[in-house]
Structure formats: C-alpha cells, structure tokens
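Please keep the structure in view while working through the numbered points.

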Amino acid sequence: MTGQAASASPGRIWTALGAVYVIWSTTFIAIKLVNETMPPLLATGVRFFVAGAVLLPIALRAGDRGGDRPGAAEWKGATVVAVLLMFGGNGGIVWAERTIPSGVAGLAIATVPLWIAAIDRVVLHRRQPGVVVIGLCVGFVGAALLVGGSAFEGAIDLGGLLVALAAAASWAAGSIYQRHARLPRRPFVAAGMEMVVAAGVFWVAGALAGELSDLRLDGFSRASVLALAYLVVIGSWIGFTAYLWLLRVARTSLVATYAYVTPVGAVLLGWLLLDERLTVTAIAAGSLIVVAVVLIVSGGGAARPDDGSPANDGSGHEQGRAHVEPEIVL
C-alpha cells in the first residue's frame with residue numbers, strides 16, 4: 001500500500017466518492033441545459049479546452065518531469081484515447097441529449113461496464129466468471145428493453161438512444177485501449193493532454209456539422225453559460241480529480257459503484273428538475289441494467305484488480321497504479 005493510500009481515511013474516501021456520485025449525476029442535466037442554446041459540439045470543445053489548458057501546464061510542472069516527458073508516442077496514445085473516450089463517449093452523449101431525456105442518457109451510460117466485459121470476452125477472448133456472464137445477459141436484456149420499449153411507446157427518440165448506447169460502447173473500447181496505451185505515467189498529465197486533443201476534435205466535428213453557421217453568442221442563455229462553466233469546474237476539475245484520487249487510494253470495486261449510482265441519480269434529477277417523463281419501460285430497463293452492473297462489478301469483470309501489480313503500457317516498460325483503467329467521465 002502506498003503512503004498516500006495508507007493516509008486516506010474512510011471519511012475522506014466516502015466524501016470523495018459521494019462527490020463523484022452527486023457531480024456525475026448532475027452533469028447529464030448540465031449537458032441538457034448547454035444544448036438548449038449552444039452548438040453542442042463546439043460548446044463541448046470549449047469545455048475540454050478550458051479544462052485541459054489549465055490542467056496540463058500545472059500537471060507538467062509536478063512529479064517526475066525528467067523521466068516522464070510526453071513525446072510523439074504519448075501524444076499519439078492520448079489522441080486515440082481522446083477520440084474514443086471524450087469524443088465518442090462524452091460527445092455521443094452530448095449529441096444524443098439533443099433528442100432524448102438526460103435520465104435516459106444516464107441509463108444508456110450504465111451499460112459501459114457491460115460493454116467492457118463483452119469486449120474483453122468476445123474480442124480479447126478473456127474468460128469471465130460465471131457471475132459476469134449472467135450480468136452480461138441481464139444487462140443486454142435491459143439495454144434491448146430500453147431500445148425496444150422506446151420504439152413501441154414512441155416516447156423516446158430511437159436514433160438518439162442508439163447514439164447514447166454507441167457512446168457507451170466507444171467509452172468502453174477506449175477504456176480497454178488505454179490499459180496498454182503509451183501514455184504519461186502521471187495521470188493528470190495524460191488527462192490534460194487528452195482534454196486538449198479532444199477540444200480540437202470537437203471543434204473540427206462541429207465545423208463539419210455546420211455549427212459555425214448557427215453560432216450566435218447573443219443567443220446563449222444564462223442557464224447554458226452557467227451549465228458550461230459547471231461542466232468545466234465541477235465536472236471536469238473537481239469530479240475528475242476526486243475520481244483519480246479515489247483510484248489511487250480506494251478499492252477499484254468500490255470506486256466502480258459510481259457506474260450504477262449516477263444513472264439512477266440522473267433519472268431522478270431529470271424527473272425532479274426538468275419534468276422528464278418516467279416510463280414503466282425505462283424504469284424496468286434501468287433496474288435490469290443496474291442489477292447487471294452490480295453483478296459484473298462484484299465478479300471483477302469491470303474493475304481493475306486490486307493486487308497492486310503494474311500494468312504494461314505497451315512500450316516495454318511497466319507502469320504503477322498511477323495509470324489505471326478509466327470509467328465514463330461526464
């Protein structure tokens with residue numbers, strides 16, 4: 001156990017975990033508010049640029065500056081991670097929330113651990129414990145019910161829902177890729193690099209989608225501006241920082257519980273604050289997804305083992321616990 005982990009009290013751990021629960025439950029609503037008056041892709045690019053432009057210079061000055069300098073290989077790894085995680089994962093949710101409720105987007109994101117376990121089994125041929133296989137089956141039944149129910153009830157835009165599920169799959173693929181990607185060992189440096197790269201990708205995508213022609217600064221509402229600031233300061237800085245700290249000092253299986261707590265929070269907050277409709281199908285699908293994620297996390301299929309063993313970064317040298325598998329960050 002590292003000195004940092006040994007000095008972390010249960011109270012501090014639960015405080016940080018509670019912060020992650022609350023913050024990442026509310027980011028779905030913040031994204032919805034941003035989308036009301038701002039071009040979604042360009043606004044998300046601003047979010048990640050501001051967050052990364054502040055985080056990266058600070059992170060580069062801390063830790064092992066001599067032996068952990070980002071080079072071309074590290075920037076290449078950061079680019080792939082940024083495209084899969086931040087653009088495909090977060091950007092997919094941003095795009096989907098133009099047409100679907102924030103709570104439903106939260107339920108779709110709850111499938112991330114399911115996709116991670118499925119890719120591990122089907123693509124990488126890693127055998128899964130029996131409880132994980134059961135969880136996969138239950139989870140995909142829940143996802144199918146969420147998609148099928150929306151098509152029959154006509155209450156949820158099917159295209160937006162499919163984009164949200166694809167976003168979850170993209171984040172899962174990026175999570176698995178990052179296990180062996182060539183990235184800086186200092187997690188905040190890697191995170192800052194990924195944010196800056198993601199900002200550029202979002203801006204290019206927004207321009208190609210024609211958002212520049214729809215850009216009207218005088219049309220931004222106060223709610224959208226405040227929501228964007230919330231995503232930068234609370235979502236990206238405080239929430240993400242708390243999450244990275246937890247990965248260093250707490251059991252990974254405990255930290256992973258956010259994956260099934262935040263979607264429930266997103267559904268409840270969307271219902272309470274945005275008057276989003278709660279359908280019986282969505283509640284049933286969400287319940288199945290939550291049960292599935294609990295089974296997979298308990299079986300170790302969606303969490304990094306807590307054995308303290310180093311992970312290879314793909315460059316021939318070993319990395320310690322500072323480089324960990326990420327989960328969905330909104």
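Does Phe49 count as buried, partly exposed or exposed, and at what relative accessibility?

1. The model is a predicted one. In it, Phe49 has a relative accessibility of 38% and therefore counts as partly exposed, since that class lies between the cut-offs of 20% and 50%.

2. The ring of Phe49 pairs with that of Trp203. Their centres are 5.3 Å apart and their planes stand at 45 degrees, a tilted arrangement.

3. In total, the structure holds three aromatic pairs. Another of them joins Phe48 and Phe202, whose ring centres are 5.9 Å apart. Because the planes of these two rings meet at 20 degrees, the pair is stacked, the limit for that class being under 30 degrees. This pair, too, links distant parts of the chain, for Phe48 sits in helix H3 (residues 40-60) and Phe202 in helix H9 (residues 187-208), 154 residues apart.

4. The axes of H6 (residues 112-122) and H8 (residues 158-178) come within 8 Å and cross at roughly 55 degrees. H6 and H8 are therefore oblique to each other, and their crossing is right-handed.

5. Which residues form this contact? On the side of H6 they are Val112, Trp115, Ile116, Ile119 and Asp120. On the side of H8 they are Leu165, Ala168, Ala169, Trp171, Ala172, Ala173, Ser175 and Ile176. Sorted by class, the contact comprises 11 nonpolar residues, one polar and one charged.

6. Finally, H6 is mostly covered, with eight of its 11 residues buried. The buried residues are Val112, Pro113, Leu114, Ile116, Ala117, Ala118, Ile119 and Asp120. Among them, Val112, Ile116, Ile119 and Asp120 also take part in the contact with H8.

How values were computed
Residues are numbered from 1 along each chain as its sequence is written. This is a predicted model: local features need pLDDT of at least 70, side-chain atom pairs count only at pLDDT 80 or more; totals for chains, interfaces and linings use all residues. Side-chain values use heavy atoms; hydrogens and water are left out. Axes are lines fitted to C-alpha atoms, for helices over the stretch in contact, and angles run from 0 to 180 degrees between N-to-C directions. Helices (H or I, at least four residues) and strands (E, at least two) are DSSP runs, numbered from the N terminus. Angles under 35 degrees count as roughly parallel, over 145 as roughly antiparallel, 65 to 115 as roughly perpendicular and the rest as oblique. A crossing is left-handed if the near helix is turned anticlockwise from the far one by less than a right angle, and right-handed if clockwise. Contact means heavy atoms within 4.5 Å. Ala, Val, Leu, Ile, Met, Phe, Trp, Tyr, Cys and Pro count as nonpolar, Asp, Glu, Lys and Arg as charged, and the others, Gly among them, as polar. Rings of Phe, Tyr and Trp (its six-membered ring) pair if their centres lie within 6.5 Å; planes under 30 degrees apart count as stacked, over 60 as edge-to-face and the rest as tilted. Buried means under 20% relative accessible area, exposed over 50%, partly exposed in between (1.4 Å probe, protein chains only).
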